[in-house]
Amino acid sequence: AGCVSTLAHEVRTPLNALLACCTLLGDTALEAGQRELLELILSCGSQITNNVDYVLELARLEASSVVLQSKPFSLTEVCQAALQMVQHQATKKGLSLPLVGGEDLPMLLGDASRLRQALLNLLSNSIKFTEKGSVGLYLSGFSADDGCTPNISPLTRPRASSLPLTTVRVEVRDTGIGLSTEQQGRLFQAFGQATAETWAQYGGSGLGL
């Protein structure tokens, strides 16, 4: 973990400088073709930065040094931010990104950045395997007074609050290729792919989720 984190850090430092220079270059007068190439560099550089961050996060997990925050946050705002970050990917494929529900959800207590990261992984994976239609986030909530006990983990208000326990469900739905029951059993196995044909068509390492 130490070697991986050091290497990732050494990659990210010059990469940040490179992206900063490209951003400054974008403020100058460029021809249309040059600006298109610059935007491609920035987009790819941003993706590499995200990948480096994922590597660092994995190193932290392996070293058991991840500390989860416990702060109030708006689930709707977290979902909107996640959708905005994958908007470019979806637009290139002509996919819509609906956010459905969540208008009446309360402020929740937890680690918003970790939740956003998880949503980004799921959304990016869905977009990758969806050629047409939509990839959306669907939110629903249940209070303790509803008598509902869905099989999902609860997110609670701060303890000082007298408001009731609230359980929320966040679903990523897409119109992509889907998975068979047998393939679902391998979904979270490292380096696992649904089929050889899937790898040949979509590529990837089997580490997305």
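The structure is a predicted model, in which local features need pLDDT of at least 70 and side-chain atom pairs count only at pLDDT 80 or more, while totals for chains, interfaces and linings use all residues. Residues are numbered from 1 along each chain as its sequence is written, and side-chain values use heavy atoms, with hydrogens and water left out.

Helix H2 itself covers residues 32–62, and at 1.5 Å a residue its 31 residues should span 45 Å, which agrees with the 45 Å between its end C-alpha atoms; the expected span is 1.5 Å times one less than the number of residues. The buried residues of H2 are Leu 38, Gly 45, Thr 49, Val 52, Leu 56, Glu 57 and Ala 59, where buried means under 20% relative accessible area, exposed over 50%, and partly exposed in between (1.4 Å probe, protein chains only).

Leaving out residues up to four places away in sequence, Ile 127 touches several residues, among them Val 86, Lys 93, Leu 97 and Val 135, a contact being heavy atoms within 4.5 Å.

Lys 93 also forms a salt bridge with Glu 131, with the closest N and O atoms 3.4 Å apart; the term requires a side-chain nitrogen of Lys or Arg within 4 Å of a carboxyl oxygen of Asp or Glu. Because Lys 93 lies in the loop between helix H4 (87–92) and strand E2 (99–100), and Glu 131 in the loop between H5 and E4, the pair ties together parts that are 38 residues apart in sequence.

By this rule there are three salt bridges. Another joins Asp 111 to Arg 114 at 3.7 Å between the closest N and O atoms; Asp 111 is buried at 11% relative accessibility, whereas Arg 114 is partly exposed at 24%. Arg 173 and Glu 171 also meet in a salt bridge (3.2 Å, N to O). Glu 171 is found in strand E5 (residues 166–174), and its C-alpha atom is separated by 5.6 Å from that of Leu 137, 34 residues apart along the chain.

Definitions and conventions: Helices (H or I, at least four residues) and strands (E, at least two) are DSSP runs, numbered from the N terminus.
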